[in-house]
Amino acid sequence: MIFLNIKNAIINFLYDNNYFISFFKDSIYIYNYERIINLSENKITLKIENFTIDIIGNNLKITQMNNIELLIEGNIKNIGKK
């Protein structure tokens, strides 16, 4: 089980970044997202500041979540920014 990356969240806070995204083998961690726009097993779309992020893959699921952090796991094929 992968836990939310507290170290990166603390570093992000100390450097006063508005958001933070970490990529792992079969997961992606997002700090300070605004909202979930789309949620399916093949595509998750998130609003972050003044842009959106599309996460495309198979068997995508949010495995950990709170009001500012998300951990998404699955077979991630592509990540795009709009």
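1. Thr45 is found in strand β4, where strands are DSSP runs of E with at least two residues, helices are runs of H or I with at least four, and both are numbered from the N terminus. The model is a predicted one, in which local features need pLDDT of at least 70 and side-chain atom pairs count only at pLDDT 80 or more, while totals for chains, interfaces and linings use all residues. Residues are numbered from 1 along each chain as its sequence is written, and side-chain values use heavy atoms, with hydrogens and water left out.

2. Thr45 is buried, at a relative accessible area of 7%; buried means under 20%, exposed over 50% and partly exposed in between, with a 1.4 Å probe and protein chains only. Its side chain makes a polar contact with the side chain of Asp54 at 2.7 Å (a pair of N or O atoms within 3.5 Å; within protein, one must be able to donate a hydrogen and the other to accept it, and residues adjacent in sequence count only if both atoms are side-chain atoms). Leaving aside neighbours within four places in sequence, the residues in contact with Thr45 include Arg35, Asn38, Thr52 and Asp54, contact being heavy atoms within 4.5 Å.

3. The structure holds one aromatic pair. Tyr19 and Phe51 form this pair, which is edge-to-face, with 5.3 Å centre to centre and 70° between the planes (rings of Phe, Tyr and Trp, the last by its six-membered ring, pair if their centres lie within 6.5 Å; planes under 30 degrees apart count as stacked, over 60 as edge-to-face and the rest as tilted). Tyr19 lies in the loop between α1 (6–15) and β1 (20–23) and Phe51 in strand β5, so the pair ties together parts that are 32 residues apart in sequence. Tyr19 is partly exposed, at 29% relative accessible area, whereas Phe51 is buried, at 7%.

4. Lys81 lies over the face of Phe51, 4.6 Å from the ring centre; the criterion is NZ of Lys or CZ of Arg within 6 Å of the ring centre and within 35 degrees of the ring normal.

5. Phe51 also belongs to the largest nonpolar core, which has twelve residues, among them Ile28, Tyr33, Leu46 and Ile72 (a set of buried Ala, Val, Leu, Ile, Met, Phe, Trp, Tyr and Cys residues joined through side-chain atoms within 4.5 Å). Strands β2 (27–31), β4 (43–48), β5 (51–65) and β6 (69–81) each supply at least two residues of this core, and the largest share, four residues, comes from β5.

6. The protein chain has one helix and six strands, and buried residues make up 38% of its 82 residues.
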